[in-house]
Amino acid sequence: MDAELRELYQQVILDHNKSPRNFKKLDNANHSAEGYNPLCGDKINLYLIMEDDVVKDVSFQGSGCAISKASASLMSSIIKGMKKEEVEKLFEKFHDLVTGKLTDEKEIEELGKLAVFAGVRDFPARVKCASLAWHTLISALKDGKSVVSTEE
Amino acid sequence: MNKSAIHTESKIFDIEKIRTDFPILKTIVHGKPLCYLDNAATTQKPQVVIDKLVEFYTTMNANIHRGVHFLSEISTKEFEDARAKIKNFINAKSEKEIIFTKGTTDSLNLAAIAFGRGKLKSGDEIIITGMEHHSNIVPWQLIAKEKNIKLRVIPITDKGEIIFEEFEKMINEKTKLVSVVYVSNSLGTVNPVEKIIETSHKFDIPVILDAAQAIQHLNIDVQKLDCDMLAFSGHKIYGPTGIGILYGKEKLLNELPPYQGGGDMIAKVTFEETTFNSLPYKFEAGTSNIADAIGLGTAIDYVSIIGIDAIARHEGELLDYATDRISELPEIKIIGQAKKKSSVLSFVIQNIHPHDVGTFLDFEGVAIRTGHHCTQPVMDRYNIPATSRASFAMYNTKEEVDTLVNSLKKIIEVFN
């Protein structure tokens with residue numbers, strides 16, 4: 001496989017695509033949002049249980065490409081226990097990573113598992129795939145219930 | 001004279017020669033030779049078409065009609081010659097029936113607005129099929145909302161064929177128009193348009209054909225078909241983008257009001273009243289896309305020399321071969337298995353999203369399209385978000401099909 005392609009589809013991403021974590025509906029969620037990419041039809045439903053501004057539990061359902069599914073899966077496994085502001089800061093960093101704005105090796109390393117998405121920066125068309133789950137998460141944090149689109 | 005006889009039969013289909021006519025086919029993608037299988041989205045252009053555009057801007061550029069100077073006379077003649085070539089290609093009765101537009105979408109919007117304003121009233125019904133491209137749904141929805149018209153949809157089977165009996169049942173005294181896709185861009189189905197037209201005409205209902213995916217694959221004779229209007233794009237038949245055609249029967253076009261107002265479409269303008277120009281100019285407001293219209297004429301010449309029947313035969317062989325080869329892979333399901341298909345192979349792979357397929361294939365040099373192909377109702381019908389679609393043109397080869405299949409095998413391996 002081509003090096004650039006292998007950088008995009010790292011083993012971690014392929015694993016999370018094949019067996020996504022927290023892939024279910026949380027019946028007792030107190031925050032939720034629906035994300036949609038009308039250009040490719042990717043859909044995600046995100047469920048959150050927030051307690052005192054802390055992510056107590058998170059899950060998702062939906063359909064999408066390996067990048068979008070792995071992104072949602074990894075995101076869900078990382079943000080549990082985080083405060084709302086921490087999540088928002090992390091999203092900013094993640095967004096900078098996939099759009100190629102975050103170049104400092106040390107800062108990338110600090111992102112931990114999320115660093116596997118660094119390869120996305122070479123595929124501008126796939127940035128929306130990687131960030132759909134995050135946009136949906138931010139929306140769920142803001143409101144109780146809402147719908148977000150990558151094209152608004 | 002038999003049209004298909006002029007077009008083909010005696011000619012030799014020389015694939016190597018054809019490939020050298022298309023300079024872009026020499027492109028190297030990620031270190032691999034380009035394998036262009038996205039022809040239903042747009043076709044590549046032969047050198048003669050590219051040269052014609054350069055020639056036009058280098059030696060002929062001037063606005064057409066009304067000009068009395070040297071260049072204007074040349075460009076007007078070339079532009080009208082292109083119209084005549086298109087008229088001959090689809091065997092229309094007269095040049096008056098050939099309207100230049102921006103493309104199929106523009107043609108269908110023209111048809112919807114002119115027909116809607118001129119002929120439709122509250123309570124009327126329009127019939128389309130369940131496999132229309134958005135461009136043959138949305139323009140009708142817009143006019144339907146404006147005029148309180150009902151849009152009815154012929155359902156399709158699991159294989160991707162329309163249920164003809166349902167169509168027959170739908171026709172009633174309120175039905176004022178049938179607008180159907182000739183060849184489906186996402187399923188490849190060739191619809192039984194002859195039967196649809198025959199049935200509709202029994203009740204004096206006009207039929208519009210969206211021929212965006214038919215013009216480059218099928219021998220189309222509008223008089224034999226007896227369709228009332230027919231729309232297609234230049235860029236899908238090896239011509240430039242930004243130019244298309246709306247064919248309409250002269251009598252019908254004369255009965256319809258103009259689509260857009262402006263220059264070139266008028267006979268006489270005062271501030272009180274305007275009388276409109278004759279056909280086809282009544283529907284060509286403003287300066288036309290002159291260069292690309294002329295380029296389309298050259299593309300039609302090129303296709304005619306090779307012969308549309310020979311092209312169709314070659315593409316049919318490729319489609320059969322690709323269908324057989326892809327069927328060898330148990331992980332893949334072909335979407336669209338109509339008896340009569342044309343050059344489009346849509347498929348889904350178990351547990352692999354079409355976008356990942358598209359990115360992977362790109363690195364093998366293979367260009368295909370992934371997504372809903374502007375046919376979201378079709379995706380909903382089969383309960384899938386998207387498909388991967390390979391589509392073939394005259395310059396594709398069996399070796400390219402092999403490249404596609406081998407690349408698909410690799411993806412399946414990596415993802416499992």
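Where in chain A is A:Asp53 placed? The legends below start there.

This is a predicted model, in which local features need pLDDT of at least 70, side-chain atom pairs count only at pLDDT 80 or more, and totals for chains, interfaces and linings use all residues. Residues are numbered from 1 along each chain as its sequence is written, while chains are lettered from A and ligands numbered from 1 in the order in which they are written.

**View 1. A:Asp53 lies in the loop between β2 (42-51) and β3 (54-63) of chain A.** Helices (H or I, at least four residues) and strands (E, at least two) are DSSP runs, numbered from the N terminus. Phi of A:Asp53 is positive, about 65 degrees, and the residue is not a glycine. A:Asp53 counts as exposed, with 12 C-beta neighbours inside 10 Å. The cut-offs, with C-beta atoms placed from the backbone, are 20 or more other C-beta atoms within 10 Å for buried, 12 or fewer for exposed, and in between for partly exposed.

**View 2. A:Asn22 sits in the loop between α2 (11-18) and β1 (31-37) of chain A.** Its phi is positive too, near 55 degrees, in a residue other than glycine. Most residues other than glycine have a negative phi. A:Asn22 is partly exposed: 18 other C-beta atoms lie within 10 Å.

**View 3. Helices α2(A) and α3(A) (residues 66-78) pack at about 85 degrees.** Their axes are 8 Å apart. Axes are lines fitted to C-alpha atoms, for helices over the stretch in contact, and angles run from 0 to 180 degrees between N-to-C directions. The pair is roughly perpendicular, a label for 65 to 115 degrees (under 35 is roughly parallel, over 145 roughly antiparallel, the rest oblique). From α2(A) the contact takes A:Ile13, A:Leu14, A:His16 and A:Asn17. From α3(A) come residues including A:Ala66, A:Ile67 and A:Leu74. Contact means C-beta atoms, placed from the backbone, within 7 Å. By class, six residues are nonpolar, three polar and one charged. Nonpolar covers Ala, Val, Leu, Ile, Met, Phe, Trp, Tyr, Cys and Pro; charged covers Asp, Glu, Lys and Arg; the others, Gly among them, are polar.

**View 4. A cis peptide bond joins B:Leu279 and B:Pro280.** Omega is about 0 degrees. B:Pro280 is found in the loop between β12 (274-276) and α11 (290-306) of chain B. Chain B as a whole has 15 helices and 17 strands.

Note on methods. Contact = placed C-beta atoms within 7 Å.
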